[in-house]
Amino acid sequence: MSTRERILDAAARVMREQGVAHATTKEIARAAGCSEALLYRHFDDKQGLFMAVLRERMPGFALPDDAVGTGTVEANLARLVSGLLDFYVDSFPISASIFSSSTLLVRHREAIAAHGGGPQTPQLRLQAYLEAERVVGRVRADADLEAVARLLVGAALHQAFLAAFWGDGSLDEPDLGRRLVAPVLPALLAP
């Protein structure tokens with residue numbers, strides 16, 4: 001396993017246990033069995049490391065490039081929302097600690113934006129998928145795609161919050177992604 005991979009694994013573990021706000025690069029380096037200087041050879045800063053953990057160690061929530069126009073919109077959305085549920089359940093305990101201090105939140109917000117990320121990314125990805133489906137005629141021209149994306153992302157985030165709050169860190173509802181998608185389908189699907 002490469003040093004970068006060891007650092008990412010250690011960062012994911014330390015951030016999961018302590019939250020990104022309280023995890024230090026020194027602790028992460030120690031958990032990875034390397035020096036802090038070596039950690040900084042692979043990552044510019046803690047926020048860059050955090051973004052890499054989100055991208056490379058959390059479940060994905062994107063659809064394949066060829067998903068548009070294939071399968072059904074319902075199945076594609078259910079798959080995407082299920083991925084969001086998994087992503088949020090895994091990442092919520094890591095990122096919730098940034099809200100513990102307004103100063104920390106401002107610093108984190110600025111650093112994450114500099115790395116090209118942010119909490120808007122899932123909504124924008126979902127909305128882009130829906131817009132692409134609209135272009136091929138499978139989503140209604142009058143559908144409010146931004147609202148639908150917000151509703152589905154918000155529902156997934158809420159479920160992750162509940163899993164974290166109740167302490168089990170899991171979703172025990174099979175087919176929850178499909179169930180969350182079903183109510184928005186009438187507003188989306190072209191007749």
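Visitor: Where does Asp175 lie?
Guide: Asp175 lies in the loop between α8 and α9 (176-181). Helices here are DSSP runs of H or I with at least four residues, strands are E runs of at least two, and both are numbered from the N terminus.

Visitor: Before we go on, what kind of model is this?
Guide: It is a predicted model: local features need pLDDT of at least 70, side-chain atom pairs count only at pLDDT 80 or more, and totals for chains, interfaces and linings use all residues. Residues are numbered from 1 along each chain as its sequence is written, and side-chain values use heavy atoms, with hydrogens and water left out.

Visitor: Back to Asp175. What is its phi?
Guide: Asp175 has a positive phi of about 65°, although it is not a glycine. Most residues other than glycine have a negative phi.

Visitor: How accessible is Asp175?
Guide: Asp175 counts as partly exposed because its relative accessibility is 46%. Buried means under 20% relative accessible area, exposed means over 50%, and partly exposed is in between, using a 1.4 Å probe and protein chains only.

Visitor: And how far is Asp175 from Arg79?
Guide: Their C-alpha atoms are separated by 9.6 Å. Along the chain, Asp175 and Arg79 are 96 residues apart.

Visitor: Now the whole chain. How many helices and strands?
Guide: The protein chain has 10 helices and 0 strands. Its C-alpha atoms fill a box of roughly 60 × 35 × 35 Å, taken along the principal axes.

Visitor: What share of the residues is buried?
Guide: 42% of the 191 residues count as buried.

Visitor: What about contacts along the sequence?
Guide: Take contacts between residues at least 6 apart in sequence: 73% of them join residues at least 24 apart. Contact means heavy atoms within 4.5 Å.

Visitor: Next, helix packing. At what angle do α1 and α4 cross?
Guide: The axes of α1 (residues 3-18) and α4 cross at roughly 95° and come within 10 Å. So α1 is roughly perpendicular to α4. Axes are lines fitted to C-alpha atoms, for helices over the stretch in contact, and angles run from 0 to 180 degrees between N-to-C directions. Under 35 degrees counts as roughly parallel, over 145 as roughly antiparallel, 65 to 115 as roughly perpendicular and the rest as oblique.

Visitor: Which residues meet there?
Guide: From α1, they include Ile7, Leu8 and Met15. From α4, they include Leu49, Phe50 and Val53. The residues of this contact divide into 9 nonpolar, no polar and 6 charged. Ala, Val, Leu, Ile, Met, Phe, Trp, Tyr, Cys and Pro count as nonpolar, Asp, Glu, Lys and Arg as charged, and the others, Gly among them, as polar.

Visitor: Which residues lie nearest its centre?
Guide: Leu54, Phe87, Gly118, Pro119 and Pro122, out of 33 lining residues. The lining divides into 20 nonpolar, 10 polar and 3 charged.

Visitor: Which helices supply the lining?
Guide: α4 (46-57), α5 (73-95), α6 (102-114), α7 (121-135) and α8 (145-165) each supply at least two residues.

Visitor: Last one: what does Asn76 touch?
Guide: Asn76 lies in α5 and is buried, at 8% relative accessibility. Not counting residues up to four places away in sequence, Asn76 touches Leu63, Ala67, Thr70, Tyr129, Glu133 and Arg138.

Definitions and conventions. 1 Å grid on protein atoms, 1.4 Å probe; cavity = no way out; pocket = protein on both sides within 12 Å on 5 of 7 lines; lining within 4 Å.
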